[in-house]
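Take a look at the fold below. The paragraphs that follow move through it feature by feature.

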Amino acid sequence: MNIPVLLQHSYQHLLKGLLRTPFRRYHFTFPSSPYLGSGILCTQPFSSLGFHHTKWLLLSNGVKRKLCVQTTLKEHTEGLSDKEQRFVDKLYTGLIQGQRACLAEAITLIESTHNRKKELAQVLLQKVLAYHREQEQLNKGKPLAFRVGLSGPPGAGKSTFIEYFGKMLTERGHKVSVLAVDPSSCTSGGSLLGDKTRMTELSRDMNAYIRPSPTRGTLGGVTRTTNEAILLCEGGGYDIILIETVGVGQSEFAVADMVDMFVLLLPPAGGDELQGIKRGIIEMADLVAVTKSDGDLIVPARRIQAEYVSALKLLRKRSKVWRPKVIRISSRSGEGVTEMWDKMKEFQDLMLASGELTARRQKQQKVWMWNLIQESVLDHFRTHPMVREQIPLLEGRVLSGALSPGLAADLLLKAFKDRD
């Protein structure tokens, strides 16, 4: 698998950083560079730098300067001990056999912040990704699962809807995985993880798997490892993946960059038509469902439905083949849920036939890659010895009023770039 790493720093700094990584075999491709020359093809080991079996390839037709690090699954696993290899193999084998315990343990592994466990998680993900590609090829290139993001404000009835909706899908022969994201406390850092307690029937269903996870400070209504968890669930044989976000506002729609279809759930008292035309989460929705449409709330639900139908006409279409729909549902009586599933299947069929679903997933892969790059670069910056040494001094000058926060940040970045 090719893992492109695009950085603006000099190659020298990057190579020194790579020396500290656990993987020792790389294939480097450098397009034309004034520092390295151009039009030269040279393949040789650089043992003096600490690399083993390293290849360098200089191309003369590169317009952009970029460094591509290519490594294989075999090279990834070379750094594992026998115990670690057996552990990864056990998780992988159990996962593709549909064992929920192995899926749970695999998601726990990818959520870990321990450096060595992060490395083991990447090895596992590479194996699952290779298996996933093989299965997609056997499925004539069609996606193995339908990924649906469910979002909405607090109290919209997301968990109650998933309980009813998930049971309906499992009764129809589907395997449903629910990734429920719970907010973390900004003071203690803890999470209640209580969404599963509202899905008592679904949690006992052997064709369903519910995994609550904390945000741990991640913005956008999802977790840092939601993409990885989706991949593992698909490797475990689940064909419907439901991602329930935290209770969100108008600007928290990161889940839209992870799923095939983004469904927005709104309570009947969700505001007037002006709320619908505010740019943000509304314009990202492929389907809007007004929940709790039963009893005394039927009339308000109908009014909100009509207002959002009108509001969505003013928004630019995200798809050439699909216009967002607004429907009413009740998780208590089940009214509208079957019709909602029919709309979701219609969306999937249209997007597959037009090729937009494939294009959307490819775009999401890029977003996923760049999110990881940003996270890794920021983590490397924060943990750099020079940065850790300068931060307390700059913080003191900011607190004293001697420096503005912006100037302090510029000074720190300049010192980081000028090191060595």
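Which helices do the buried residues of α15 pack against? The partners are α13 (356-383) and α14 (385-400). This is a predicted model, and that should be kept in mind throughout.

Start with α15 itself. The helix runs over residues 405-417 and has 13 residues. From first C-alpha to last, α15 reaches 18 Å, close to the 18 Å expected at 1.5 Å a residue. Its buried residues are A408, L412 and F416. They lie on the same side of α15 because they cover an arc of only 70° around the axis. Now turn to the other face. Pointing away from the buried side are D410, K414 and K417, which are exposed.

Next, the strands. β10 (residues 287-290) and β11 (residues 325-328) run parallel and are joined by 4 bridges. Within this pair, V290 stands opposite R328 in β11. Helix α11 (residues 298-312) belongs to the arrangement too: β10, α11 and β11 make a β-α-β unit. Which hand does the β-α-β unit have, right or left? The unit is right-handed.

Now the backbone. Most residues other than glycine have a negative phi. K292 has a positive phi, near 60°. This lysine lies in the loop between β10 and α11, two elements of the β-α-β unit. K292 counts as partly exposed, because its relative accessibility is 35%. K140 also has a positive phi, near 60°. Its place is the loop between α5 (115-138) and β5 (146-151). K140 counts as exposed, because its relative accessibility is 76% and the cut-off for exposed is over 50%.

Finally, confidence. The protein averages a pLDDT of 77. A score of at least 70 is reached by 71% of the residues. Where does the mean pLDDT reach its lowest and highest values among the elements? Strand β1 (residues 2-5) has the lowest, 38. Helix α12 (residues 337-354) has the highest, 96. Over residues 1-70 the pLDDT is below 50. Beyond near neighbours in sequence, that stretch has 116 contacts in the model.

Definitions and conventions: Residues are numbered from 1 along each chain as its sequence is written. This is a predicted model: local features need pLDDT of at least 70, side-chain atom pairs count only at pLDDT 80 or more; totals for chains, interfaces and linings use all residues. Side-chain values use heavy atoms; hydrogens and water are left out. The expected span of a helix is 1.5 Å times one less than its number of residues. Buried means under 20% relative accessible area, exposed over 50%, partly exposed in between (1.4 Å probe, protein chains only). The arc is that of the directions from the helix axis to the C-beta atoms. Contact means heavy atoms within 4.5 Å. pLDDT is the predictor's confidence in each residue, from 0 to 100. Two strands pair if DSSP finds at least two bridges between them. A crossover is right-handed if, with the strands pointing away from the viewer, the path from the first strand over the helix to the second runs clockwise.
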